[in-house]
Amino acid sequence: MRHALALARRGLGNTWPNPAVGCVILRGGVVVGRGWTQPGGRPHAEVMALTQAGPAAQGATAYVTLEPCAHHGKTPPCAEALARAGIARVVSALTDPDPRVTGRGHAILRAAGIEVTEGVCEAEARELQRGFLTRVVQGRPMLTLKLASSFDGRIATQSGESQWITGPEARRHVHALRLTHDAVMVGGGTARADRPALNVRGFGAVRQPVRIVVSGGALPDLPVEDADHGPLWQVSGTPAAFMAELAARGLTRVLCEGGGELAASLLRAGLVDQLVGYTAGLALGAEGRPAIGALGLEYLADAPRFRLVETRRIGLDLMHRWLRA
């Protein structure tokens, strides 16, 4: 199952609105097929693995990171494809909460005489599927807030100079982070001041993330959509409203890269699921521009809390990742 989970991670940022799923088919202790959800959401992982396995799928065990789909969409249900291929056993990590599927995929398999084992590596799968689960259950995409700041939490000098606080290794890591998200989002002030590309660079030809600007006003001239830049969307309104709109348009994982006022509004609304910080070893002082705008807090008990799950030295900087407590 951990092999299947590793395959599923390859699809993060590429498969929306579908989940990123991994599948490994094992027969006689030998991997005969494997696959993961392809860019755009199809073919599904199970179909990829079955195609690779061919006749060797007969009597084999399939390990799948999410309950196989049970509904007829643009492709037939994966649960039926597994049954037709003669799979003898299916091991799944997580039940799909999508009302079109939930429990039905497993039921189709059992009705076909296939042994089904559920909940293997469920915690890891749940974390991997956080974006898809958040969209289906809460009606919004998962939100990662990324902050690159000085040791004292500043993102620019008083004059606005910000390039570069962190080093090239940390900046490359940010591009890898963008690669695992469906969209990169900034506020209108950041878009007008920096005119950011909001794309993935340095990783070859990739499916570029959607670029989102949160603003009710006119946008600056930003690069048009092409092979190096994803679609450009403009949204406005309350954080809850535009996040619901993004979910309705299919997004499951959104990376917010500022500015400070947008970051504060998302934190105040309780919409930040993950914090990723890149901290550099320099201080800019109280006159520097803060990473996060005013939260209006009077008591510590009211502050949004996160738990540390990862730290890593990247070049001369420190990367730290936090999940909502």
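Let's start with Ala263, which is buried, with a relative accessible area of 0%. This is a predicted model, and Ala263 is one of the residues that the unreviewed UniProt entry covers with a "binding site" annotation. Here's a quick tour of that annotation and the sheet around it.

**The annotated residues**
- The UniProt record's "binding site" takes in Ala148, Trp164, Thr190, Asp194, Gly259, Gly260, Glu261, Leu262, Ala263, Ala264 and Ser265.
- They span 118 residues in sequence and the farthest two C-alpha atoms sit 25.2 Å apart, so they don't all gather at one spot.
- Ala148, Trp164, Thr190, Asp194, Gly259, Gly260 and Glu261 are among the residues lining the largest pocket.

- Ala263 belongs to helix H10 (residues 260-268), and leaving aside residues up to four places away in sequence, Ala263 touches Leu145, Ala291 and Ile292.
- Ala148 sits in strand S6 (residues 142-149) and is partly exposed, at a relative accessible area of 22%.
- With residues up to four places away in sequence left out, Ala148 touches Arg154, Ile155, Thr166 and Tyr278.

**The sheet**
- Eight strands make an open sheet with mixed pairing, in the order S10-S9-S8-S11-S6-S12-S15-S14.
- At the edges are S10 (232-235) and S14 (306-314), each pairing on one side only.
- S12 (residues 274-279) and S15 (residues 317-324) pair in the antiparallel sense over six bridges, and Gly277 has His320 in S15 as its bridge partner.

**Helices across the sheet**
- H10 lies across S6, S8, S9, S11 and S14, at about 110° to S8.
- Helix H9 (residues 239-248) lies across S6, S8, S9, S10 and S11, running at about 145° to S10.

Conventions
Residues are numbered from 1 along each chain as its sequence is written. This is a predicted model: local features need pLDDT of at least 70, side-chain atom pairs count only at pLDDT 80 or more; totals for chains, interfaces and linings use all residues. Side-chain values use heavy atoms; hydrogens and water are left out. UniProt positions are given in the numbering used here, feature names are shortened, and annotations may be inferred rather than shown by experiment. On a 1 Å grid over the protein atoms alone, a cavity is a set of points where a 1.4 Å probe fits but cannot get out, and a pocket is an open set with protein on both sides within 12 Å along at least five of seven lines; lining residues have an atom within 4 Å of a point. Helices (H or I, at least four residues) and strands (E, at least two) are DSSP runs, numbered from the N terminus. Buried means under 20% relative accessible area, exposed over 50%, partly exposed in between (1.4 Å probe, protein chains only). Contact means heavy atoms within 4.5 Å. Two strands pair if DSSP finds at least two bridges between them. Axes are lines fitted to C-alpha atoms, for helices over the stretch in contact, and angles run from 0 to 180 degrees between N-to-C directions.
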